[in-house]
Amino acid sequence: MATTALVDPDTGLTQAQLAARHGLRVAGERPSVVEYSRQLWAYRHFIAAYANAKLVASYSNAKLGQLWQVLTPLTNAAVYYLIFGVVLAQNDMPNYIAYLTTGLFIFNFTQSAVLTGTQAISSNLGLIRALHFPRASLPLSTTLTQFQQLLASMVVLIGIVLVTGEPLTWEWLLLVPALLLQAVFNAGVVLTVARLGSKSTDLKQVMPFILRTWMYGSGVLYSVSLFERLPSWATTLVQYNPLLVYIELARYTLMEEAPLLNESLTQLWLVGGGWAVLAGLGGFLYFWRGEQEYGRG
């Protein structure tokens with residue numbers, strides 16, 4: 001009785017064809033942008049919990065605990081007021097205390113997010129290598145942690161502004177969308193520096209110098225009217241500085257007579273929104289393209 005030889009259906013197929021036939025995929029393959037966004041949304045509770053844990057842990061060894069969220073910017077404001085408000089006589093400006101603290105608190109939001117975000121990947125290699133999750137969760141949780149600290153600082157800032165004589169108006173409500181735009185901008189920048197920091201650990205040494213220069217170019221400590229002495233092209237460049245824009249939005253909403261480099265509120269909102277979209281979307285795509293790299297090597 002004749003026997004029929006069994007033919008292997010996989011015979012003659014390439015490795016790619018075999019993978020497609022059996023539904024196999026490359027380990028750690030980068031998902032599409034849409035799928036990656038869905039994964040991040042699915043991990044939203046992890047991002048929030050991780051941000052809260054980082055916030056609590058950062059002050060766990062201090063006796064005053066989370067009170068330092070308020071004391072740190074207040075101490076900085078006091079030092080800068082002594083130097084620029086008293087020694088350098090910037091206090092001839094209307095309500096210089098409110099002007100200074102608004103600039104410091106808004107700038108500190110971006111500064112703290114960028115400094116911690118630079119190490120969002122490099123300082124969590126153990127977690128990255130042990131678990132599978134969208135890596136953007138780490139820099140986004142960093143941004144969320146700093147946003148929570150900002151909310152505590154805003155309570156103090158509003159108290160300072162009221163005590164120094166600024167009236168409470170409906171324009172104060174515009175502070176909410178202004179801070180949200182800055183938060184989106186920060187998230188994009190943090191995603192960018194997180195990928196750069198994963199490639200070069202020296203970035204965390206350079207970043208404080210970059211941020212210090214950025215602060216001096218954002219009119220945090222002194223009147224922005226000084227920028228009008230620059231050549232016209234340089235003044236225009238400063239006007240589009242994203243941090244100066246977000247600081248001026250905050251000053252515009254909280255203060256009656258704050259010197260502004262951008263006199264048009266419409267222009268401030270358009271530029272602030274443009275930077276949020278550009279940095280947020282650009283940073284997300286840049287980080288996503290490196291998803292396969294994190295934790296390797």
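Contact means heavy atoms within 4.5 Å of each other. The structure treated here is a predicted model, in which local features need pLDDT of at least 70 and side-chain atom pairs count only at pLDDT 80 or more, while totals for chains, interfaces and linings use all residues. Residues are numbered from 1 along each chain as its sequence is written, and side-chain values use heavy atoms, with hydrogens and water left out.

**Exercise 1. The chain as a whole**

Task: State how many helices and strands the chain has, and what share of its residues is buried.

Solution. 
Step 1. Helices (H or I, at least four residues) and strands (E, at least two) are DSSP runs numbered from the N terminus. The chain has 12 helices and zero strands.
Step 2. Buried means under 20% relative accessible area, exposed means over 50%, and partly exposed lies in between (1.4 Å probe, protein chains only). Of the 297 residues, 43% count as buried.
Step 3. Among contacts with a separation of 6 or more, 77% are accounted for by residues 24 or more positions apart.

**Exercise 2. Confidence**

Task: Identify which element has the lowest mean pLDDT and which has the highest.

Solution. 
Step 1. pLDDT is the predictor's confidence in each residue, from 0 to 100. Its mean over the chain is 83, and 82% of the residues reach 70 or more.

**Exercise 3. Helix H12**

Task: Determine which helices the buried residues of H12 pack against, and which residues make a nonpolar surface patch.

Solution. 
Step 1. The expected span of a helix is 1.5 Å times one less than its number of residues. H12 has 25 residues and reaches 36 Å from its first C-alpha to its last, close to the expected 36 Å.
Step 2. The buried residues of H12 include Leu-268, Val-271, Phe-284, Phe-287 and Trp-288, together with glycines such as Gly-272 and Gly-273.
Step 3. These buried residues pack against H2, H7, H8 and helix H11 (242-254).
Step 4. A patch is made of residues with over 30% relative accessible area and no salt bridge; like charges are joined within 9 Å, and nonpolar side chains (Val, Leu, Ile, Met, Phe, Trp, Tyr) within 5 Å. Val-277, Leu-281 and Leu-285 make a nonpolar surface patch of about 260 Å².
Step 5. Leu-285 is in helix H12 (residues 265-289), and at 32% relative accessibility Leu-285 counts as partly exposed.

**Exercise 4. Salt bridges**

Task: Find how many salt bridges there are, and explain what the pair Arg-195 and Glu-293 ties together.

Solution. 
Step 1. A salt bridge is a side-chain nitrogen of Lys or Arg within 4 Å of a carboxyl oxygen of Asp or Glu. The count comes to two.
Step 2. Arg-38 forms a salt bridge with Glu-35, with the closest N and O atoms 4.0 Å apart. Both belong to helix H2 (residues 33-42), where a spacing of three residues separates them by about one helical turn. An α-helix has 3.6 residues a turn, so residues three or four places apart point the same way. Arg-38 is exposed at 56% relative accessibility, whereas Glu-35 is partly exposed at 32%.
Step 3. Arg-195 and Glu-293 meet through their side chains in a salt bridge of 3.2 Å, N to O. Arg-195 lies in helix H8 (residues 175-199) and Glu-293 in the segment after H12, so the pair ties together parts that are 98 residues apart in sequence.
Step 4. Arg-195 is buried, with a relative accessible area of 8%, while Glu-293 is partly exposed at 36%.
Step 5. Leaving aside neighbours within four places in sequence, the contacts of Arg-195 include Tyr-286, Phe-287 and Tyr-294.

Methods. Areas by Shrake-Rupley, 256 points an atom, 1.4 Å probe, with all protein chains shown as cover.
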